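Hello,

Here is the structure I promised you. Please open it, then read my notes below.

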Amino acid sequence: MNKSALQKILFQLIKFKSETRNQAEVKRAVDYVGTLFRGTQYGVKKFAHKGVHSLIIFPTRSDWRYPKILLNGHIDVVPAHDMAQFKPYEKNGRIYGRGAVDMKGGLTALIGTLLELDAQKIKSDVGLMITGDEEVGGAHGAGFLVDDMGLRPQFAIAGDAPRRSGVAITIHGKGGVWVELTARGKSAHAARPWLGENALDKLHDAIAKIKRTVEKRVPSDSWETTVTLSVIETDNQAPNIVPSYARGVIDIRFTETFAVHPDDAHRKLKAMVPEVQVTALTKVMPLINDSKNSFIRDIQSSFSHTFGEKIPLVREHGASDARHFMTYKIPSILVGTIGDNWHTKDEWVSMDSIMLLKDALFAYLKKHAT
Ligand SMILES: [Zn+2]
């Protein structure tokens with residue numbers, strides 16, 4: 001597939017206003033991708049679970065649940081900065097629009113790879129999963145397909161690692177747990193606070209203790225567990241009353257030194273601050289792969305060959321759909337395209353990086369022809 005054919009697909013994809021909350025548009029986008037595979041060696045299976053739309057492309061001669069290699073990506077985007085972001089345009093080799101680099105550009109490379117394998121009559125045991133709720137955690141897309149529908153590839157490759165420059169293969173990602181802390185005390189007049197029990201003080205002390213214990217140093221780009229206080233509130237509005245209730249929410253992103261499973265992280269927090277109630281709101285599995293796994297070594301050497309330099313295996317702070325395969329010990333990595341401003345205005349992707357990713361994946365997958 002040449003650049004202009006890929007660019008045409010990317011423009012079409014960006015025009016769909018597929019914000020996660022707009023599943024009607026997600027469905028239209030998913031249907032459009034399905035039409036691209038008419039008359040090819042691939043079949044298309046569509047899913048709708050709890051209102052979230054997703055799609056699996058698979059070689060018709062095999063079971064869609066068990067591809068050897070599964071490419072995966074998401075078609076949903078975070079809310080647009082303004083509606084003009086859904087009108088893609090090109091400038092100096094960059095394509096601008098909401099989702100350009102996160103990750104409709106990557107998705108275009110994945111689609112292009114499969115279409116090119118088909119055009120060259122290469123039969124390979126490769127599927128493609130496209131989901132519609134990655135930006136809110138992926139429970140009803142990737143989570144549903146893997147946990148409930150039994151999707152079990154031997155190896156998963158997500159095209160969802162946007163970078164500002166360079167090429168890398170992401171094999172580690174932090175785990176996460178968002179917890180709600182609830183403190184209860186006893187109301188009293190602030191002139192005689194010793195008659196009450198201040199819930200805000202209790203909450204404040206618990207948060208400080210968690211930060212002190214869990215966050216080893218000031219958060220930075222280094223590989224450390226971070227604690228972000230994101231919500232704090234009380235029902236008390238009067239300046240002269242001791243509050244009897246307070247609630248806070250913290251977002252913890254942990255490395256393997258703190259925990260290897262969000263349940264462990266949650267348990268540790270509960271033991272750390274027994275004076276408040278600790279409820280887990282969201283749990284995110286960390287992405288942990290063995291760098292010596294044969295699939296990972298194989299794709300690293302294939303990519304290094306294509307790009308003419310040693311492609312590094314790296315860690316990323318953020319989470320993605322790639323983690324949904326971890327529960328089943330399926331090696332799962334991320335590669336991506338180059339661009340900037342994801343989740344903000346002026347988001348763009350480099351068209352050349354889409355072509356390069358497609359070429360690198362094609363060269364890698366060709367070796368897995370059946
Ligand atoms: Zn993404």
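Which residues does Lys174 touch, not counting residues up to four places away in sequence? They are Ser222, Trp223, Glu224, Thr226, Arg253, Phe254, Thr255, Met285, Pro286, Glu316 and His317. Contact here means heavy atoms within 4.5 Å.

A word on the source. This is a predicted model, where local features need pLDDT of at least 70, side-chain atom pairs count only at pLDDT 80 or more, and totals for chains, interfaces and linings use all residues. Residues are numbered from 1 along each chain as its sequence is written, and side-chain values use heavy atoms, with hydrogens and water left out.

Back to Lys174. A polar atom of the Lys174 side chain does lie 2.8 Å from the backbone oxygen of Glu224.

Now the zinc ion. Its protein donors (N, O and S atoms within 2.8 Å of the metal, or 3.2 Å for Na, K and Ca) are His74 (NE2), Asp102 (OD), Asp160 (OD) and Asp160 (OD). They lie 1.9 to 2.7 Å from the zinc ion. Their spacing along the chain is H-x27-D-x57-D.

Why is the arrangement irregular? The four donor atoms subtend angles of 52 to 147 degrees around the zinc ion. Tetrahedral would need all angles between 85 and 135 degrees.

His74 is buried, because its relative accessibility is 1%. Asp160 is buried too, at 10%.

Best wishes

How values were computed
Polar contact = N/O pair within 3.5 Å; in protein donor to acceptor, adjacent residues only side chain to side chain. Tetrahedral: all angles 85-135°; square planar, octahedral: opposite > 155°, others 65-115°. Buried < 20%, exposed > 50% of the residue type's maximum accessible area, 1.4 Å probe, protein only.
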